[in-house]
Amino acid sequence: MVLWGPVLGALLVVIVGYLCLLGLLRQRRPQEPPLDKGSVPWLGHAMAFRKNMPEFLKHMRAKHGDVFTVQLGGQYFTFVMDPLSFGPILKDVKRKLDFVEYAEKLVLKVFGYQSIPGDHRMIHSASTKHLMGNGLEDLNKTMRDCLSLVILGPAGPSPDASSWREDGLFHFCYNILFKAGYLSLFGYTKDTEQDLLQAEELFTQFRKFDRLFPRFVYSLLGPREWLEVGRLQRLFHKTLSVKENLEKDGVSNWIAYMLQFLREQGVAPAMQDKFNFMMLWASQGNTGPTSFWALLFLLKHPEAMQALREEAARVLGEAGQSFDFDVSALQRTPVLDSVMEETLRLGAAPTLLRVVHDDHVLTMASGEEYRLRSGDIVALFPYLSVHMDPDIHPEPTAFKYDRFLNPDGSRKVDFYKAGKKIHHYTMPWGSGVSMCPGRFLALSEMKLFVLLMITHFDLELVDPDTPVPPVDPQRWGFGTTQPSHDVRFRYRLRSPE
Ligand code: HEM
């Protein structure tokens, strides 16, 4: 027993020494971007990065310019901050930058899903078929019906629905979007009451996982949290299991198509369950938080709310009185489209990551050339480099509901940086090979929700002067941000006029 102390001590010294050596050995080579390893061996800048990602990156940009390599937890990340130089990274015609390698490791760790060859391509073709075009129209109708079911309940509006009720806006939006999204995509049974109860319970568990998610990805959970994450993973695998859900009706064509592919490739049912968990996460983790920001901005900007209500009355007409209006109306809502685009500009902050295969040279828009090192990760953070660039979007922190409208009311698509027209003027969905394949469904379900809420309900903040809450710093880099605290609001069903 007495011997263990020195042995463990020596082991620790060897590990720390090895990590320091790794850091010391790494030197900037000719033509490589400025290298900033940070002062802590192996961890590098991980603490400052996690504490406040946008502030950290701003600081690095001020120190090093538009391209720099930083050490974060033993891995080297090259951030490219100039959006005019994103093209070669996103197009990657030389096929030197790999999205799949990084994603495979992440989904194995987080969802337990072991990728198979071709599944990434298959997810995108399933989505092109069933989450866009004609396939999307059917799903929109299902989504509209599920939203009204969740909002009004299986028996329709209760007698006291026109009295004021109070809730946290974030909780309210996330809860409704999750339940409606889950039922629309993963199916329902004949017992609607039971389905709603199950969806409610699943949401409670989903939020527990969601709260742990950022620190789970960074491997920063304490021992109890590790156990909790394991329990939640098993619970999701079981609840979404293909065996248990054989009886369900209305499983979306999207999910059915993907599961059929996995079956045909001989993927075991237990692994299909894990795939379902991954898809639940991808499809439900962002729509609720984005809808929260949208409704909050509308409540804080009465002129935007008024413009939107006028558009809704114009587009929906008499049909707007009912919850089951024609979903084709979603194609005639430029004001709502601009509200959603502006909300995503302010609220969506994903990081786009690609693993460098073989050293190769990145040519920037300025003509400068940088050598990227094999094994490093190239990272883009469009929230800072695009969404918050005052050159592209004047007064970038302000919510302007008509920012994406031309004076004639059509959609505005012309934005400029340094006098040059910019292709990627917002990037809430990522871009290139990993661009969100659910973006059209996401937009229509959030638009349906906002339309239903503003046309059928009176809505107000409990404290109209309450400021927009700051972003929870843990959520930077993971899709749509979340507020650091909820905002109380009240709502009541409007009486028919
Ligand atoms: C506001 C809502 C949403 C936002 C902001 C959003 C954003 C994103 C982003 C940024 C990515 C790329 C991640 C990366 O490059 O690593 C992504 C991927 C993905 N999203 Fe979405 N998403 C939303 C809703 C949805 C919905 C509703 C679905 C499905 C019904 C969906 C399905 C997926 C899938 C399957 C991927 C993985 C794609 C791949 O591996 O290439 N998303 N999403």
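A pocket is here an open set of grid points, taken over the protein atoms alone, at which a 1.4 Å probe fits and which has protein on both sides within 12 Å along at least five of seven lines. In this predicted model, the second largest pocket holds about 1,000 Å³ of space. Its lining is made up of 39 residues, of which Arg411, Trp429, Arg439, Phe440 and Leu443 are the closest to the centre of the pocket. Two or more lining residues come from each of helix H4 (86-91), helix H7 (133-152), helix H15 (334-347) and helix H17. By residue class, the lining of this pocket divides into 18 nonpolar, 12 polar and nine charged residues.

The ligand carries an iron atom, for which the protein supplies a single donor, the SG atom of Cys436, at a distance of 2.3 Å. Cys436 itself is found in the loop that runs between strand E11 (420-421) and helix H17 (439-456).

A further loop, between strand E12 (457-461) and strand E13 (488-493), is the place of Thr480. Because its relative accessibility is 6%, and residues under 20% are classed as buried, Thr480 counts as buried. The side chain of Thr480 is joined to that of Thr290 by a polar contact of 2.9 Å.

Definitions and conventions: Residues are numbered from 1 along each chain as its sequence is written. This is a predicted model: local features need pLDDT of at least 70, side-chain atom pairs count only at pLDDT 80 or more; totals for chains, interfaces and linings use all residues. Side-chain values use heavy atoms; hydrogens and water are left out. Donors are N, O and S atoms within 2.8 Å of the metal (3.2 Å for Na, K and Ca); water is not among the atoms, so sites may look incomplete. Helices (H or I, at least four residues) and strands (E, at least two) are DSSP runs, numbered from the N terminus. On a 1 Å grid over the protein atoms alone, a cavity is a set of points where a 1.4 Å probe fits but cannot get out, and a pocket is an open set with protein on both sides within 12 Å along at least five of seven lines; lining residues have an atom within 4 Å of a point. Grid points are joined across faces, edges and corners, and a volume is the space filled by probe spheres set on the points. Ala, Val, Leu, Ile, Met, Phe, Trp, Tyr, Cys and Pro count as nonpolar, Asp, Glu, Lys and Arg as charged, and the others, Gly among them, as polar. Buried means under 20% relative accessible area, exposed over 50%, partly exposed in between (1.4 Å probe, protein chains only). A polar contact is a pair of N or O atoms within 3.5 Å; within protein, one must be able to donate a hydrogen and the other to accept it, and residues adjacent in sequence count only if both atoms are side-chain atoms.
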